[in-house]
Amino acid sequence: MKKTNLILSILVVFAFIILSCNGAKKQETQEVNSEAVTEDSGQASIKAVEGADPNALQVAKSLDDFTTLVAAIEAAGVQNSLVNVGPLTVFAPVNAAFDKLPEGTVETLLKPENKSQLAFILTNHVAPANYPDTQLAKEAKKGRKLYMASGKYLVVENKEDGIYVGGTKILKTVKVSNGWIHVIDNVLVPAE
């Protein structure tokens with residue numbers, strides 16, 4: 001009987017130790033998982049491969065003329081959309097385009113409570129399609145509108161001095177790994 005009680009006591013202590021260790025492992029796993037969730041994730045956080053062609057976001061980040069656009073992209077949380085494989089066409093307003101907006105507009109849009117409105121405006125600058133300048137000229141000749149990621153449409157026109165989209169002239173076109181960037185000097189604010 002004493003031997004049975006001793007064996008039973010040892011088993012109870014052994015079971016208690018095992019359960020305690022498993023609880024510690026679960027707690028450790030939960031802590032590791034919660035850390036992973038708080039880290040920046042998504043395609044935009046992946047480092048560029050040296051020698052690879054840059055994507056739309058990488059190009060925008062590399063140029064001083066797009067610091068306001070990049071700040072807006074990050075504030076709206078849409079950076080992963082600009083690094084997708086594509087093809088996509090970005091109509092990228094330069095800093096001076098944001099300066100043309102009424103005073104205080106940019107600061108107001110960058111506030112966290114206006115994140116969805118800012119994202120809507122920014123997606124109005126992205127066409128989920130491949131539109132090099134030559135294709136834009138064809139679309140203009142056919143009188144077509146471009147479908148934007150915002151769900152809105154923009155008129156594309158071929159005028160004497162160049163191609164216009166949404167009423168603003170395309171200043172320059174840059175090929176990127178996931179599509180095209182067309183530099184513009186106005187913000188394409190969608191009509192709601």
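I looked up D185 to start: in this predicted model, D185 is partly exposed, with a relative accessible area of 25%. For that term I use 20% to 50%, with buried under 20% and exposed over 50% (1.4 Å probe, protein chains only).

Next I checked the partner of D185. D185 forms a salt bridge with K100, with the closest N and O atoms 3.8 Å apart. The two sit 85 residues apart, D185 in the segment after β7 (179-184) and K100 in the loop between α4 (95-99) and α5 (105-109). A salt bridge here is a side-chain nitrogen of Lys or Arg within 4 Å of a carboxyl oxygen of Asp or Glu. Helices (H or I, at least four residues) and strands (E, at least two) are DSSP runs, numbered from the N terminus.

How many salt bridges does the structure hold? I get four. One of them joins E139 and R144 at 3.6 Å; E139 is buried at 7%, while R144 is partly exposed at 42%.

Then I turned to N124, in the loop between α6 (115-123) and β2 (126-127). N124 counts as buried, at 1% relative accessibility. The side chain of N124 makes a polar contact with the side chain of S150 at 2.8 Å (N or O atoms within 3.5 Å, one able to donate a hydrogen and the other to accept it; residues adjacent in sequence count only if both atoms are side-chain atoms).

Local features need pLDDT of at least 70 and side-chain atom pairs 80 or more, totals for chains, interfaces and linings use all residues, and side-chain values use heavy atoms, leaving out hydrogens and water.

Notes. Residues are numbered from 1 along each chain as its sequence is written.
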